Amino acid sequence: MATVTAPTVRTGLPGLLKHRALAKLVLIALAAAVLIPVVNARWASGSWPDALTVDLSEPLGRASDWIIDNRDSHPLFLYFFGHISNAVVLSVRAVYLVLLAAGWAGVTAAAALVAWRTAGLKLALGTGLAFLTCGLLGMWVPTMQTLALMVVAVLASVVLGALLGLAAGLSDRTYRALRPVLDTMQVLPAFAYLLPVVLVFGIGVPAAVLATVVYAAPPMARLTALGLRGADQGVLEAVESLGTTARQRLMTARLPLARKELLLGLNQTIMMALSMAVIASVIGAGGLGDRVYQALASVDVGAALAAGIPIVLLAVVLDRVTAAAGDRLGGDGPETSGRLRALQWGGAAVLAVAAAIAARLAGRLDWPEAWVVNIAEPVNRAVDWMTAHLYSGVPYIGGTADWAGHFTTWVLDPLRSGLQGLPWWSVLLIVATLAWLIGTWQTALTAVLAMAGIGVLGVWQSSLDTLSQVLAAVAVTLVLGLATGIAAARSDRVERLLRPVLDVFQTMPQFVYLIPVVALFGVGRAPAVAAAVVYALPAVVRITTQGLRQVDPAALESARSLGASSGQQLRQVQLPLARPALLLAVNQGVVLVLAVVIIGGLVGGGALGYDVVFGLAQGDLATGLVAGVAIVCLGLVLDRVTQPTERRRTTKGA
Amino acid sequence: MSTLTTPAATDTAVDAPVFSVENLWKVFGPKADRVPADPELTALAPAELRSRTGCTAAVRDVSFDVRKGEVFVVMGLSGSGKSTLVRCLTRLIEPTSGRIAIDGEDVLGMDKARLRELRRHRASMVFQHFGLLPHRSVLDNVAYGLEVQGMGKAERRARAKEIVAKVGLEGMEQRRPGQLSGGQQQRVGLARALAVDPQVLLFDEPFSALDPLIRRDMQEEVVRLHREEGRTMVFITHDLNEALKLGDRIALMRDGQVVQLGTPEEIVGSPADDYVREFVREVPREQVMTVRTAMRPPESADEAGRGPAVAPDVTVSEAIEAVARTGTAARVVDDGRCLGVVDSDALLGVVAGTNTGTNGAAPKPASAVPAQATGSKAKADTKADAGEEVV
């Protein structure tokens, strides 16, 4: 009965689009012709005019001073933030103590048993091995610190996210209000979240936990809302026809029907939380991230790797176990009886406790010193060897440092000086044109305002520096990613080979990517770009492959039946039909690249990321905050400029 | 012949209708309320209404009664408003105006609790796309309606088990809906609706998504259930053959209006307008029309005393068989009284479509007016018994 009205606009689109694009271009050209002479006469061209800059460092500095002065006395802090802060510290501490009391044997056993119950024997084995490796690397205590912080942050994120998602899933108005906020939060680099929480809570565990919660809650909220809204209307109607109350509908139908999305949300929240918990070492999170951070600061690749491996293992284990749990619950397997399940869980709990007690009785509560394998030294020796032999002077191909140097002087430098040399209004014009051509006038307006905001904040130059790195990295990412994606879409063998690699790469926290690039390229802007490329590549490859593979087989078949060669099929059928996916790949590529380029400030990437780190390190919150806001603006600009129109965006949620 | 299997059906005439629908309107669109109230707007054709007001009238001024124990079929093509209509009956879709009564109680005036009670106990629905809960076993799906009512676990499972057996799904209680075929899933849907023991079963195109063979099985299942329990059913379909097979009475809808309401025989025998005529053109008339319409008064006492006897509600095709076998005209006998005679000319006339009945009591082309029912009969019975009766 309910005839689905497909968007009829699609049919005449190409012709229409050309006209519309042309019209937009003409309009922009007209506006430019009128405005540019005026602007030029009023303020000089070149870099952003000083007259339009607002110096925020002083008021911000005052605000930060005020907060620091009043942190212990003002009622807002005493009765609100203070309680939050205390609660966070207490709960993290409590979890940490429990983990320590369980000892390495207890924790490993418990983790493996939980993995066994939710995800099967193979993953249980993997989980156990992963935890043992953390111990072997001498990282047991930092791992537990990170885990304790994660447990608290994930719990809080899930509760917060689920509540927001519930509200947005049940009320249209809340959904409309919340969606743009969540969408935007998901494109912002992690670094942008650090400064505001530091301003309120100071450097330390509470700030780290709260930054993590704010960063990790949106996917949970988003997916909860999506799941509740996407529930099969037929089922809901049937359930309503049986005379259910609204509460019964929610508990017996809507929530169970959204289980898959809820678990996916949990999975994403955990991954984001881990990513942030590691980055938050910059604001005092401690744990594994701190070890990596300290090691990178002294370019000690071996130590960084020893802390980095546990992070990767933790990420892979958490991802696989939650994903497998999701698949299991979503599956159609026959129901196991509740008693059997309770029995198995009970058995698992007993085993875990037994392991913990056994270790305690054996006097091996802490990971024994003798079992620690020190990998830092051999790794550093290998890195030294690499520095000596691979950095430069390798016949014909040069060396990694040479490449980095060439990339910097031939690509990054010209790009940066080119961008910085552009008249400021032309940058705005380019942003407006791109955003409007790809999106709507609203996205264009947001993008232009955000770009102007960067100028007003007075960080025009360093933002363009960051932008140049982003552009270079995106270009490399897209060339590599699209090529690989096309190859994977056309050959099953390539896809089979790539899949496990992509799986692992997509689960690793951003921070970890900095370690190998420092080993290979030293410090500077080129390694930051390299890390960004490696980080963004898997997502781009994956989206491209999926997009190409999901092209309507009937269209492809009819092209084949007309005798199209495989090149023609690709160019004339697959690529045009996969356009939405390709645009999405660009968008995701840009967002991911930005996130890592910013973090690249830690390894000599300079620009905005460095400003944030500098602000934190020097206690100069004003500089850091301004840079943080600029990062937000840049994120908005880049997202909006590459954001396909609303109609196509709907595919993103799927 | 007329051994009615259920006591409920015998006193049809005395009982008040189960559902009584009067001047029902459902208009979708902005400020839908004004449309039924404004005679100028109600006179508009659907396209015009849409362009004038932006509203679509899915159900336009529909009235009918559903009698106790009958299978009432609402039939129409997609977009004719039939699914909206059946959802209005339990207010899954809120009607715009009109009156609906169940057992004389006003449905539109019910508060939330009363409406829930109606949905829980009095009318339950079977859906085209089943609407099963994918995370529950077959048994728990069937028991769901009882769970919603607050029945205890053991009790509702025991009850569900009985119903599962009744619809022929023994041994599948622990499977998930995803592991069942379409036909089996719809059996679960049917069982879920039956489990609450409702007064009325509402079917919304329940078999449209099924393969033809499975569909026939399921139709027979419904016929069987109706024969065994005599439950009142409202059945929505777009398949004319299904409508003719199952319906005691059929309401044919077009553009939200009922264009004809009557027994299958009336619809096929005397279509109310060209639309209906076009609709029923392909129907094998001899299988729908009965000898009651085809017969003529006996010309002589001799004719009234000779030839095979057939009951008045035997179909023409069955009478043809009898006439062909004996070579003489057949007598239409009811309670030992000869009502008339059908000879091969009259029967051929029905098949050819030239004879719509010489009988004076030809069905009147009823529109929204509830037509005379020929009594609630379970059709499978008719056919099964007819073979013995003839000769």
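Student: What percentage of the 654 residues of chain A count as buried?

Tutor: The general idea first: a residue is buried if 20 or more other C-beta atoms, placed from the backbone, lie within 10 Å of its own. By that count, 47% of the 654 residues of chain A are buried. For chain B, with 391 residues, the share is 47%. Keep in mind that this is a predicted model, in which local features need pLDDT of at least 70, side-chain atom pairs count only at pLDDT 80 or more, and totals for chains, interfaces and linings use all residues. Residues are numbered from 1 along each chain as its sequence is written, while chains are lettered from A and ligands numbered from 1 in the order in which they are written.

Student: How many helices and strands does chain A have?

Tutor: Helices (H or I, at least four residues) and strands (E, at least two) are DSSP runs, numbered from the N terminus. Chain A has 28 helices and 0 strands, whereas chain B has 19 helices and 13 strands.

Student: Which domains is chain A divided into?

Tutor: Domain bounds come from an automatic or database domain assignment. Here, domain 1 covers 76–375 and domain 2 covers 420–653 of chain A. Their centres, taken over C-alpha atoms, are 27 Å apart. Two residues are in contact if their C-beta atoms, placed from the backbone, lie within 7 Å. On that basis, 32 residues from domain 1 of chain A meet 34 residues from domain 2 of chain A.

Student: Which elements give two or more residues to the domain 1 side of that contact in chain A?

Tutor: They are α6 (172–187), α7 (194–201), α11 (259–279), α12 (287–297) and α13 (301–330) of chain A. The largest share, 9 residues, comes from α13(A). For residue classes, Ala, Val, Leu, Ile, Met, Phe, Trp, Tyr, Cys and Pro count as nonpolar, Asp, Glu, Lys and Arg as charged, and the others, Gly among them, as polar. This side of domain 1 of chain A has 27 nonpolar, 4 polar and 1 charged residues.

Student: Where does UniProt place the feature "domain: ABC transmembrane type-1" in chain A?

Tutor: UniProt annotations may be inferred rather than shown by experiment; the positions are given in the numbering used here, with feature names shortened. The unreviewed UniProt entry puts this feature at residues 143–322 and 463–642 of chain A. Residues 143–322 of chain A are 84% helix and 0% strand, with end C-alpha atoms 19 Å apart. Residues 463–642 of chain A are 84% helix and 0% strand, with end C-alpha atoms 18 Å apart.

Technical notes. A residue is buried if 20 or more other C-beta atoms lie within 10 Å of its own, exposed if 12 or fewer, and partly exposed in between; C-beta atoms are placed from the backbone.
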